Amino acid sequence: MIYQQLKDKNFEIVSVAQDTNGVKDAGPWITAAHPTYTILIDEQHLVSKIYNMVNVPTGVWIDEQGKIVRPNEVAFVNNQFKDFSGLDSAPYLNALRDWIERGDKSTYVMSEERLREKLAVNDPNVILAAAEFGLGAHLYKSGHLSEAIPHFKEAQRLNPKSWNYKRQAYALSDAKRDYGTTFMDEVQKSGGSKVYYQPPDLPPDAHPKDKKP
Amino acid sequence: MMTWRFSTGAFLLFLLMARVPAQGKQIRATLLYDGQTTEISTADEDAGQLWITTADLKRATRFELKPQGVCRDELCFPLPKSRQSEFVRKSAGKSWFNLMAFAQLVHQPVAHDEALSTWYFGLRSDQRQNLSSLEAPNFTLADIEGTPHSLSDFRGKKILLITWASW
């Protein structure tokens with residue numbers, strides 16, 4: 001595991017479960033993983049909300065000063081889902097190692113200009129979608145699934161890029177009955193599982209020789 | 001020309017509505033604010049506005065009405081002087097505050113479920129990513145043992161923040 005290799009280099013992984021049902025749903029996965037790094041449980045999808053994330057897994061690199069140096073991107077740290085996504089984790093892990101070694105000098109650290117471009121969210125619909133999703137999750141948790149569904153649908157409509165809003169809502173329902181679709185149907189509609197995850201946009205490695213696979 | 005007339009008319013109507021502290025419907029309300037749920041026994045719903053007492057405001061949001069504005073700890077939002085009546089009114093010996101007008105002032109989205117009389121207040125502008133500093137927004141969440149951790153606890157280290165889910 002990448003954490004074992006890098007943890008002595010002033011590096012931490014903060015892994016956050018986006019699960020409306022909290023420990024009930026995320027707990028078994030955490031127990032099975034025997035984590036040595038920090039895993040947190042986020043019933044309200046707070047991290048996705050404040051970082052504008054639309055899917056899992058999404059990774060963000062944060063430097064020693066608490067500054068974002070690479071924003072939201074698909075972040076596979078192992079090949080558990082490679083058959084589904086078609087994405088090999090190696091290029092991402094390679095980039096991560098480069099940053100841990102070189103810090104600001106790493107080619108994978110983004111310029112402030114590009115960061116600002118990527119981080120800007122000007123769409124009021126995206127911000128409102130998060131509120132509709134939050135309301136839906138609250139209603140679901142207080143035993144009102146049928147009242148929650150219109151709010152989940154509204155969140156999905158306002159922010160169609162968010163897979164989180166679709167997948168979490170489907171998981172709390174009979175998706176076919178309540179949404180007339182399933183996750184796999186939606187993946188097929190988007191062009192299939194191999195385009196469902198957009199690979200991280202990594203520049204070529206400037207120092208390929210000094211890395212062990 | 002038509003557009004100008006229409007918008008002027010709408011604006012005048014808006015001013016008129018805002019200036020008359022009409023009593024709306026007395027309701028019970030559930031408020032979700034900054035992750036906290038609060039039951040309000042008496043709220044006043046009036047033409048899409050939601051008035052609660054300043055005591056309930058403090059209980060539900062921890063914001064308080066102060067001479068300098070609507071404040072919580074170091075955070076203060078001044079209320080526009082000419083529009084005070086849109087935000088604050090006195091009635092039945094109590095001071096009432098319009099949470100919907102405040103949400104608009106601080107660019108906060110609101111989702112509402114009418115049947116269950118529930119309002120969800122989303123992220124204010126001060127809670128969203130700060131583009132000028134590129135600072136990673138902080139958060140505090142518990143691990144499986146219930147122990148809280150904040151992102152800021154790891155300041156001084158490089159961090160890979162990564163989300164996942166069981167679904």
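## Basis of the description

Two strands are taken to pair if DSSP finds at least two bridges between them, and helices (H or I, at least four residues) and strands (E, at least two) are DSSP runs numbered from the N terminus. The model is predicted: local features need pLDDT of at least 70, side-chain atom pairs count only at pLDDT 80 or more, and totals for chains, interfaces and linings use all residues. Residues are numbered from 1 along each chain as its sequence is written, chains are lettered from A in the order in which they are written, and side-chain values use heavy atoms, with hydrogens and water left out.

## Strand pairing between the chains

Strand E3 (residues 58–62) of chain A pairs with strand E13 (residues 158–164) of chain B in the antiparallel sense, over five bridges. Within this pairing, A:Ile62 has B:Ile159 in E13(B) as its bridge partner.

## Interface of chain A and chain B

Contact (heavy atoms within 4.5 Å) involves 73 residues of chain A and 46 residues of chain B. The buried area, that is, the accessible area (1.4 Å probe) that two parts lose on being put together, summed over both, is about 5600 Å², and carbon and sulfur atoms give 66% of it. A:Glu12, A:Val14 and A:Ile50 supply 11% of the area that chain A buries against chain B, more than any other three residues.

A salt bridge requires a side-chain nitrogen of Lys or Arg within 4 Å of a carboxyl oxygen of Asp or Glu. Two salt bridges are found across the interface of chain A and chain B. In a salt bridge between B:Lys157 and A:Glu12, the N to O distance is 2.9 Å. On the side of chain A that touches chain B, helix H7 (residues 124–141) of chain A gives the most, with nine residues.

## A three-stranded sheet in chain B

Chain B contains an open sheet of three strands in the order E4-E5-E6, with antiparallel pairing. Its edge strands, E4 (64–66) and E6 (75–77), each pair on one side only. Neighbouring strands are turned by 35 degrees against each other on average, direction ignored; the axes behind such angles are lines fitted to C-alpha atoms, for helices over the stretch in contact, and angles run from 0 to 180 degrees between N-to-C directions.

E4(B) and E5(B) (residues 69–72) pair over three bridges, and a hairpin joins them through two residues. B:Glu64 has B:Cys71 in E5(B) as its bridge partner. E5(B) and E6(B) also pair over three bridges, with B:Val70 opposite B:Phe77 in E6(B). Their hairpin has two residues between the strands, and B:Asp73 in the turn has a positive phi of about 50 degrees.
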